[in-house]
Amino acid sequence: MQVGIDGRKVPGAAGRPAIERLDLAKGLGLDGVFYRTVFDMDPDLDAGRLAEHRHHADDLGLYLEAGVGNVNPYAMAEHPHLRRAGDGDTVLGFRRAIEAAAGIGCRELWVVTGGFKNYPGRFAYDRFRTDVDWQAQLAETARFLELLAPICRDHGVHLNLETHEEITSFELVRLIEHVGPDVLGITFDTTNLLQRGENPLSSARRVAPYVRQTHVKDCLLGIGEDGMRYQLRPVGSGALDLEAILRLLQDAGARPNLSLETLTSAAESGGGEDGLHPYLRPLTIEMYDPYWHAMHPDLTSAEFATTVRLAAEGDRRVAEGDIESIPAFAARPFTHADAVAFVQAGAAHLRSLAPVGSVPCTT
């Protein structure tokens, strides 16, 4: 089992050269770094500077993973590096990014279908945009992925769609089956699908055959007056049964590296006006709103009930003093030392689980 970290979440990396994230990860006792995009290693995709990252990772004995960016044409303007890389030609920008990543042996590439926004309630998610229907966004995403498929085949690459906050596991599987599992896979974020009401084990079972990369995190759920509460917690302390999740992946033949998506300090992350860490501020899953349910036609009431049970269990743990309450945890100053402890606790928990084996997906 190889346990690494998302390159944007490495404690102490802010303001330092990108390549130093590898040294910081090694110093934390981790096994690799998952740079969210190849542009995070070098914005200009310079072959020499990218090769430096590969050589340095190899020298340190670390795995090196990467990604590309947003494949939803309605949200692509939020990732302007892709169009810029193609001198205005977005498809060419993707081609150049894919070629650059493949050139340093990164052929499992993260992509995403939206981006979480700092807006209230449902408007934080591209799924609930009022200018374009979500089904139209999915259709255009499928069309664009079909344009990229020949490029991926030429370079032996998978574009691995993240189980991101705006999309469901059902929709991701349909995209993969439509375009082809030879060019598409899954970056499995272990908690995001809870924001779509999905049970972690059920969603893991659905996507497991296609998982090639991961973002591993944990969360606490609770019941609030306006919906279900969701808050990130150190891996191993929250609502997830990660041992069962990893076993489901193994049973489906998936052997991804486990890349922690933890938290940098409040100072590095940028606190909000209320002084709370932006990623410890709890999110609300609007389960009392009929419109929310209408936007999740694949989700059965039986599965959603098991998710609500996880929230009730979270409330029980808080009431019994087994775990810190959501408001108390959100109010933590969350220093650099806290961020380091968050990483190390997660890595220790994953390594304590029953061995499942891990080899990089390279084909």
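**Figure 1. Contact between helices α6 and α7 in the predicted model.** Trp-134, Gln-135, Leu-138, Thr-141, Ala-142, Leu-145, Glu-146, Ala-149 and Arg-153 of α6 are in contact with Glu-171, Leu-175, His-178 and Val-179 of α7. By class, the residues of this contact comprise seven nonpolar, three polar and three charged. The structure shown here and in the following views is a predicted model. Helix α6 spans residues 134–155 and helix α7 spans residues 169–179; their axes come within 10 Å and cross at roughly 40°. The two helices are therefore oblique to each other. The crossing of α6 with α7 is right-handed.

**Figure 2. Contact between helices α1 and α3.** Helix α1 covers residues 20–27 and helix α3 covers residues 47–60. Their axes cross at roughly 15° and come within 10 Å. This angle makes α1 roughly parallel to α3, since angles under 35 degrees count as roughly parallel. The crossing of α1 with α3 is right-handed. On the α1 side, Leu-22, Asp-23 and Lys-26 take part, and they meet His-53, His-56, Ala-57 and Leu-60 of α3. The contact holds three nonpolar, two polar and two charged residues.

**Figure 3. Contact between helices α8 and α9.** The axes of α8 and α9 come within 9 Å, with a crossing angle of roughly 15°. Helices α8 and α9 are therefore roughly parallel to each other. Their crossing is right-handed. Pro-200, Leu-201, Ala-204 and Arg-205 from α8 meet Ala-244, Ile-245 and Leu-248 from α9. Six nonpolar residues and one charged residue form this contact, with no polar residues.

**Figure 4. Surroundings of helix α9.** Helix α9 is made up of residues 242–251, and Leu-242, Ile-245, Leu-246, Leu-248, Leu-249 and Gln-250 are buried in it. An α-helix has 3.6 residues a turn, so residues three or four places apart point the same way. The buried residues of α9 pack against several elements: the strands β6 (184–189), β7 (211–215), β8 (218–224) and β10, and the helices α8 (200–207) and α14 (336–352). Arg-247 also belongs to α9, but Arg-247 is partly exposed, with a relative accessible area of 31%. From C-alpha to C-alpha, Arg-247 and Leu-353 are 10.0 Å apart in space, while 106 residues separate them in sequence. After α9 comes Gly-253, which has a positive phi near 90°.

**Figure 5. The largest nonpolar core and the contacts of Leu-30.** The largest nonpolar core contains 102 residues, and those touching the most other members are Leu-30, Val-68, Leu-109, Leu-159, Leu-161, Leu-260 and Leu-350. Helix α6 supplies the largest share of this core, with nine residues. Leu-30 is drawn with its contacts beyond four places in sequence: Val-3, Gly-4, Ile-5, Ala-25, Leu-62, Leu-260, Val-343, Ala-347 and Arg-351. One of these partners, Leu-260, is itself listed among the core residues that touch the most other members.

**Figure 6. Ser-265 and its contacts.** Ser-265 is placed in the loop that joins β10 (258–260) to α10 (266–269). Its relative accessible area is 5%, and Ser-265 is therefore buried. Apart from residues up to four places away in sequence, Ser-265 touches His-277, Phe-334, Thr-335, His-336 and Ala-339.

**Figure 7. Phe-334, a residue with positive phi.** Phe-334 is one of the residues touched by Ser-265. Phe-334 lies in the loop between α13 (326–330) and α14. Although Phe-334 is not a glycine, its phi is positive, at about 50°. With a relative accessible area of 2%, Phe-334 is buried.

**Figure 8. Leu-45, a residue with positive phi.** Leu-45 is located in the loop between α2 (38–41) and α3. Its phi is near 55°, a positive value in a residue other than glycine. Leu-45 has a relative accessible area of 15% and is therefore buried, as buried means under 20% relative accessible area.

Note on methods:
Residues are numbered from 1 along each chain as its sequence is written. This is a predicted model: local features need pLDDT of at least 70, side-chain atom pairs count only at pLDDT 80 or more; totals for chains, interfaces and linings use all residues. Side-chain values use heavy atoms; hydrogens and water are left out. Axes are lines fitted to C-alpha atoms, for helices over the stretch in contact, and angles run from 0 to 180 degrees between N-to-C directions. Helices (H or I, at least four residues) and strands (E, at least two) are DSSP runs, numbered from the N terminus. Angles under 35 degrees count as roughly parallel, over 145 as roughly antiparallel, 65 to 115 as roughly perpendicular and the rest as oblique. A crossing is left-handed if the near helix is turned anticlockwise from the far one by less than a right angle, and right-handed if clockwise. Contact means heavy atoms within 4.5 Å. Ala, Val, Leu, Ile, Met, Phe, Trp, Tyr, Cys and Pro count as nonpolar, Asp, Glu, Lys and Arg as charged, and the others, Gly among them, as polar. Buried means under 20% relative accessible area, exposed over 50%, partly exposed in between (1.4 Å probe, protein chains only). A nonpolar core is a set of buried Ala, Val, Leu, Ile, Met, Phe, Trp, Tyr and Cys residues joined through side-chain atoms within 4.5 Å.
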